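Dear colleague,

I am passing on the structure below, together with some notes on what turned up when I went through it. Please read the notes alongside the coordinates.

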Amino acid sequence: MSARPPKLVLCVIDAMAPEMLLRAAESGAAPVLATLIARGVRIPDCVAAFPSVTPVCAASIVTGTAQDEHRIPGMNWYSRAESRYVEYGSSLRAAQRFGIARQLTDTVYNMNRAHLSPRTLTVFESLDDAEVRTAGTTYLMYRGRHRHEPQRDTTLARFLSSTLARHAVMGPRELFYADIFASRRTGCRSTLGMPGVRDRHSGCVSAYMVEHDLFDFLLLSLPDNDWHSHKRGPDSQLTSIAAADLQLARVMEAAGGVDSFLEEHALIVMADHSQAPVTATIDLQGELAELGVLQPAGADLLGALAGAAARGARSVSRREETEKQEEHQQEQAARPPRVRGGLEPRIAVCPSQRAAMVYALHPEERDAMRASVVDRTLAIEGVDLVCWLARDAHDRPLEAVVVSPDRGELRFAPGGDLRDARGERWHLDGELSVLDAAVHGAEGALATPSYPDALARLWSALTCPTSGEVLLSAAPGCEFLDWGGAAHVGGGSHGSLHVSDSLAPLLLCGVDPPRDPSGQWAIRDVAALVRGHFGLDDARGGDAFSGDP
């Protein structure tokens, strides 16, 4: 293909590991992906954000920034502005601890309209402003310029629109988000976005949009690989990648097959992170209980609604029942916070699978509490790295501190004589072995193979205004228990700084990379590719492609 295709599809296959992509392609299990590898450019080691969990990574993909700009810090975090936990769906049990209604509201609504920085444009907003026809399937990040009302065309949709999903959202021109929002009728159903059904729903609505020529840019999300890998482990991805490949084939068939599709559509296929096997857990809440850990105080709205209906105790409408439950939840939130053992709450503990954050609740004791948390977490088996930000007398970031329980301490800050794989310069002081770092050559080339793009990822996480005072990364094989006590032992997980769950594949077909594909790429580089395909500058600013070719 000599001319660049006019349209673009960005396909995100959640948690697809680079080596599993190759295995699926070479075995014949994923023929469409094999074709894209043969015809395009494959980048095997695109680096995720840290924590390498889906909300943080999704925000980085659609904005082209890290969390110091986009402000989404983890799967679970503590809002200092609202004095409460934010939970995006670590597990059903975790959602129940915080209240399913609250969790769904934070995930479906607040993540985009309140938590994602309004100063950071998404690719949907950039392209909408340029009058490019945008479209998206169910994805955590969807913020755009077009208003969408909740659907009411099925019994399930009417129930949702009268209870949990009562408000409009701003998204791309065409938005299909589970069974909650749909810009038009397609005949496709997602069964509330349940695992195992989500890929098929995305494939269905995307094929419809291709057939009816409804977009110039489409974000096609195929998330079921992540669920499958969590359950069965990262080595089992051959089956789930093959299922994702079938949906890609379905979308292409709507255009007449692979060749016809690629004549009109450029394609970026990527993962947001990968996964690592889990064999052990870390009960961080229990380990820090003596410091006074803030406990969740949520109300299970869905359970309450179901119970009231089953009992037939009151003849009130669902909307009235919802309002009563919301009032009850507000009353619960207004009560004095609960802590384990009756201690006054002094810290908030926020596990994000293989990463975690700890927040000091009282600003006047921030430094003392941070020191107490650091001392205790360094003694916890399974904790690989303990990180925090040192500040100057004016409370400005001074340097990052990273400590390993058995490898010592390393301090670093931007600027200096050492240059990482992306061309960023750093000053380092301490034990390089903390990050498996080595300096090569007279020009000070810095390599951190066990923790790719370690310094930039840590600096962005630590300087994010919504991050905790202390950030933790789990050792290989370990995962922090979420607030529901759930983990993925026997399966896979992600979130850490370690290479095992930090690298994602990136395939480019019909897209011209602006620099050497062999250099160090990061998922935050993709937004610039999307904007550039449509002749837009990378309007979000930041550091994408800052390294030399």
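Which residues in α3 are buried? In this predicted model, whose residues are numbered from 1 along each chain as its sequence is written, local features need pLDDT of at least 70 and side-chain atom pairs count only at pLDDT 80 or more, while totals for chains, interfaces and linings use all residues. Side-chain values use heavy atoms, with hydrogens and water left out.

The buried residues of α3 are Thr 54, Pro 55, Val 56, Cys 57, Ala 58, Ala 59, Ser 60, Ile 61, Val 62 and Thr 63, where buried means under 20% relative accessible area with a 1.4 Å probe and protein chains only. Because 10 of the 10 residues of this helix (residues 54–63) are buried, α3 is largely enclosed by the rest of the structure. Just after α3, Gly 64 takes a positive phi of about 80 degrees. Helices here are DSSP runs of H or I with at least four residues, and strands are runs of E with at least two, numbered from the N terminus.

Ser 126 lies in helix α7 (residues 123–129) and counts as buried because its relative accessibility is 8%. Beyond its neighbours within four places in sequence, Ser 126 is in contact (heavy atoms within 4.5 Å) with Leu 121, Arg 531 and Leu 536.

Turning to the strands, 8 of them form an open sheet of mixed pairing, in the order β2-β24-β11-β1-β10-β5-β8-β9, where two strands pair if DSSP finds at least two bridges between them. β2 (41–47) and β9 (181–182) stand at the edges with a single partner strand each, so one side of each is left without a neighbour in the sheet. β2 pairs with β24 (residues 503–509) in the antiparallel sense over 5 bridges, and Cys 46 has Ala 504 in β24 as its bridge partner.

Best regards

How values were computed
Buried means under 20% relative accessible area, exposed over 50%, partly exposed in between (1.4 Å probe, protein chains only).
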